[in-house]
Amino acid sequence: MTLSASPAAPDAPVIDTQRTYAYDHIYLSWRLPQDSAPAWHYTIEYRKMDPKHKTLKLWQRREEVWSLSTILEGPDIDSVYVLRVRGYNKAGYGEYSEDVYLHTPPAPVLNFFLDSSCGFPRDRLVVSKDRRAVRSVPGVPMLFAAERLMTSCHVSMELVLGDVAITQGRYYWECSVDPSSYVVKVGVGQESKLQDLFQMPQDVVSPRYDPDSGHDSGAEDATMDMSPSFCFLTIGMGKILQPHGTTPTSRDPSGCTVPLPPRLGVCLDYERGSVGFFDAVSHRSLWEGSVDCSGPVCPAFCFIGGGALQLQELVSIKHERRVTIGGFTKAV
């Protein structure tokens, strides 16, 4: 007589911390250990941490998730959430995964695209079809410039703008810079001043829009003594250049740079005239600068030499898909 082994519940899932992140929504991804019994579906539990009170909030639960990922919509801004997952099969529920903590952005997420009509040189800047990525290709003109370096000094800097103008409020967005990029500047600025600085065509109609009021008119110029008309963080060769006045923490031996994180966060406070830069993975502050917000301000990106940059897609756009299970369709 042969006795069959009793079925085993799934092992504790392992949360994929490389793919799990918080942006406009929370995206949670996980897998089962290699030798685990299979799971029919999963239960996700999450709760918001309350630093002002020692008592813990009750867990919220999402039952019967049929895939290895899910989206938790509408988290509060500037908050910390703790999440965990467990699987279920014929033997019952398995153990919970280890808790993972996610910090949501410090302000509402701004969704925008790169402006492909702002007059940049198309032989040196290539914008992707979805207008969420740009690559700088120095090409032949840079070779001619290099030939003149012994007799003159000329550095070509290319500019691409976001297609949105901000005239009020606080907004946050993220991007990823290719570590092999020579020099990339990420920041914000007044469109008219950036056009003057980079000698962009003035007869190009601005495609920028204000996410709040639709306002796209200029204002009286502020003096440079008050606030600069643009503010950038400089990245190059896998490092971030620390601006003057930055607290010397986590610096390299030269005392000038910090490692480039996988994603950079930018937070503009229009009323305060300030822009903060963050390690978007750890949410550690990198630097905060000032910018003149007397007129519409837009996201801006500059390139010297070869480089590439990718805007972070919204969770709802990047991970939205539908699958068919048992004859009916479910969004996952």
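Let's start at a ring with a charge above it: the charged end of Arg84 sits over the ring of Tyr96, 3.9 Å from its centre. A charge counts as sitting over a ring if NZ of Lys or CZ of Arg is within 6 Å of the ring centre and within 35 degrees of the ring normal. Arg86 also lies over the face of a ring, that of Tyr93, at 4.1 Å from the ring centre.

Before we go on, please keep in mind that this is a predicted model, in which local features need pLDDT of at least 70 and side-chain atom pairs count only at pLDDT 80 or more, while totals for chains, interfaces and linings use all residues. Residues are numbered from 1 along each chain as its sequence is written, and side-chain values use heavy atoms, with hydrogens and water left out.

Both arginines lead us to Thr43. Setting aside neighbours within four places in sequence, Thr43 is in contact (heavy atoms within 4.5 Å) with Arg61, Arg62, Glu63, Glu64, Arg84, Val85, Arg86 and Tyr93. Thr43 belongs to strand S4; strands (E, at least two residues) and helices (H or I, at least four) are DSSP runs, numbered from the N terminus. At 1% relative accessibility, Thr43 counts as buried, where buried means under 20% relative accessible area, exposed over 50% and partly exposed in between, with a 1.4 Å probe and protein chains only. The side chains of Thr43 and Glu63 are joined by a polar contact of 3.0 Å. Such a contact is a pair of N or O atoms within 3.5 Å; within protein, one must be able to donate a hydrogen and the other to accept it, and residues adjacent in sequence count only if both atoms are side-chain atoms.

Now for the aromatic rings. The whole structure holds nine aromatic pairs. Rings of Phe, Tyr and Trp (its six-membered ring) pair if their centres lie within 6.5 Å; planes under 30 degrees apart count as stacked, over 60 as edge-to-face and the rest as tilted. Tyr23 and Tyr172 have ring centres 6.4 Å apart and planes at 65°, so this pair is edge-to-face. Because Tyr23 lies in the loop between strand S2 (21-22) and strand S3 (26-31), and Tyr172 in strand S13 (residues 170-177), the pair ties together parts that are 149 residues apart in sequence.

Another edge-to-face pair is made by Trp30 and Tyr42, so called because the centres are 5.4 Å apart and the planes at 70°. Trp30 lies in strand S3 and Tyr42 in strand S4 (residues 41-48), so this pair links parts that are 12 residues apart in sequence.

What about the nonpolar interior? A nonpolar core is a set of buried Ala, Val, Leu, Ile, Met, Phe, Trp, Tyr and Cys residues joined through side-chain atoms within 4.5 Å. The largest has 48 residues, of which Trp173, Val186, Leu264, Leu268, Phe301 and Leu309 touch the most other members. S13 supplies the largest share of this core, five residues. Apart from it lies another core, of 17 residues, among them Ala22, Ala39, Leu83 and Val100.

Let's finish with the cysteines. Cys175 is buried, at 0% relative accessible area, and Cys293 is buried at 13%. Cys293 sits in the loop between strand S20 (284-290) and strand S21 (297-304). How many disulfides are there? With a disulfide taken as a pair of cysteine sulfur atoms within 2.5 Å, the count comes to zero.
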